[in-house]
Amino acid sequence: MVTRTPYVTDPIATDTERRKVYTIMAKGSVRKKGKKWYYRFYVEDESGNLVQKEYAGTESKSETEALLRKAMEDYEAKKFVARSENVTVGDLLDMWIEEEVKPGNLSNGTVMAYQGAASRIKQFPIGSRKLKTVTPEHLQTFFDLLSFGGTNADGTEVKPISKGYMRQFSAVMQGAFRFAVFPKRLLTFNPMQYIKIRQKQESYELFNEDSEDGLTVPTISYEQFAALTDYLKKKDNPALLPIQIAYYTGLRIGEVCALTWQDIDLKEQTITVRRSMRYNGARHKTEIGTTKRSKIRTVDFCDTLATILKAARTEQHKNRFKYGELYSLNYYRQVQEKGRSYYELYSLQRSEEVPEDYNEIDFVCLRPDGCFESSSTVGIACRTASKKIPGLEGFHFHQLRHTFTSNLLSNGAAPKDVQELLGHADVSTTMNIYAHSTREAKRSSARLLDKVVGGD
């Protein structure tokens, strides 16, 4: 119920303002300033003191009163959840993301990865367990389930996750539980400090007649690449150009889709890789940001790709005239959130009015109507092709990067050069992942002993 008693305790309010203010539910109030109504109510600060917060409402007093009631109900509900005895592991993960991860200095890609990992953890029974009841045994059981697979408490089957995801899940849980100890003081100790990430031991067939060593990095042959490009050409699929660029440069899917024509020097045949495109599932936006290592690198490319890029540029100029005002131009806009900058992508037809904060960007990979080709759409095209093309089962975009590297190493490229082209942190990463795929190089190295024995 709303009681309309004049609000007279505000020391800075004028007499006119006091007459316009009415208390609501004895805790909050609304007041009119100019044409607009505002609502305010008391909340607890970090020290437990009551402080008054004011928020803008609408030009309607009744609507603003409704906003006040809703805000107060939400606040009371959150206060109940936030009591330490009510906080679940899922609640803790949400608090950690909002209060520590987002305001921090991590890259947007890392923040997005942590958000995704936290969302997946919350889907397991551990996510709904009360924080105060969590023991190291609970956490060890959870991580063993992720490592080895098994059956959830609800009877659902769980498949083992990759080592990469395991590291990500561990980092999220370590960070969240440290946060629970300090600064939140929801726990007195961190149970994650006792957890060991156990991995399934590799099994070996001692008497298997198959000579395959099982370590081969997934690559595709040139014949398979030709079949893939032929398939996409027949479908007029705009994923063709990103796939061709990746095959000849080894760029990641987000790096390819974020390329602009300003990044490409057709005369010198170099590409400057400076940004990446990704879909932010938490914000439901396609964004551009830094590359995986947040470093700019230059990649040289061959004559074949130069011809492909020139043809693509010519085709895009033709499409501009073909579609006219219906042809789309692409833009990015900067958004600030919790001290973090996001660069959202938008496509607008040439006939549409462009907002002042939109900045045009000239992408290389476009659809016929001028809209940018997103990394998620290219990924879908690859999965579809893998089901349609015989011999390409299980194909995914990242295999093009593997193939590029394998082709270079197999033909005598220096590992250090390959590392710089790929943008790996150090050469050991390149060699650990790819060296075992250079079958011909290993065979040639072994045969060097023939020259030693022969005295050459």
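**Close-up views of a predicted model**

**View 1. Arg31 and Glu54 pair up in a salt bridge, with their closest N and O atoms 2.9 Å apart.** This is a predicted model, and what we're looking at here is a link between two strands: Arg31 sits in strand E3 (residues 28-33) and Glu54 in strand E5 (residues 50-56), so the pair ties together parts that are 23 residues apart in sequence. As background, side chains of opposite charge can pair when their charged atoms come close. Across the structure, the salt bridges come to 18.

**View 2. Here's the largest pocket, with a volume of about 2000 Å³.** Its lining takes in 41 residues, and the ones nearest the centre are Tyr165, Gln168, Arg252, Lys292 and His398. Which elements give two or more residues to this lining? They are helices H4 (108-122), H6 (163-181), H9 (253-257), H11 (375-388), H12 (398-410) and H14 (427-434), along with strand E10 (276-280). H4 gives the most, putting 9 residues into the lining. Sorted by class, the lining has 18 polar, 13 nonpolar and 10 charged residues.

**View 3. Zooming in on two of the pocket-lining helices, we see H4 packing against H6 at an angle of about 85°.** Their axes are 9 Å apart. Angles of 65 to 115 degrees count as roughly perpendicular, and H4 and H6 are therefore roughly perpendicular to each other. On the H4 side, the residues that meet H6 are Ala113, Tyr114, Ala117, Ala118, Arg120 and Ile121. H6 answers with Tyr165, Gln168, Phe169, Ala171, Val172 and Met173. This contact splits into 10 nonpolar residues, 1 polar and 1 charged.

**View 4. H6 has another packing partner: helix H3 (residues 89-101), with the two axes 9 Å apart.** What is the angle between H3 and H6? They pack at about 85°, and H3 and H6 are therefore roughly perpendicular to each other. H3 brings Val89, Leu92, Leu93, Met95, Trp96, Glu99 and Glu100 to the contact. From H6 come Ala171, Val172, Met173, Gly175, Ala176, Phe177, Phe179 and Ala180. By class, the contact of H3 with H6 holds 12 nonpolar residues, 1 polar and 2 charged.

Key:
Residues are numbered from 1 along each chain as its sequence is written. This is a predicted model: local features need pLDDT of at least 70, side-chain atom pairs count only at pLDDT 80 or more; totals for chains, interfaces and linings use all residues. Side-chain values use heavy atoms; hydrogens and water are left out. On a 1 Å grid over the protein atoms alone, a cavity is a set of points where a 1.4 Å probe fits but cannot get out, and a pocket is an open set with protein on both sides within 12 Å along at least five of seven lines; lining residues have an atom within 4 Å of a point. Grid points are joined across faces, edges and corners, and a volume is the space filled by probe spheres set on the points. Helices (H or I, at least four residues) and strands (E, at least two) are DSSP runs, numbered from the N terminus. Ala, Val, Leu, Ile, Met, Phe, Trp, Tyr, Cys and Pro count as nonpolar, Asp, Glu, Lys and Arg as charged, and the others, Gly among them, as polar. Axes are lines fitted to C-alpha atoms, for helices over the stretch in contact, and angles run from 0 to 180 degrees between N-to-C directions. Angles under 35 degrees count as roughly parallel, over 145 as roughly antiparallel, 65 to 115 as roughly perpendicular and the rest as oblique. Contact means heavy atoms within 4.5 Å. A salt bridge is a side-chain nitrogen of Lys or Arg within 4 Å of a carboxyl oxygen of Asp or Glu.
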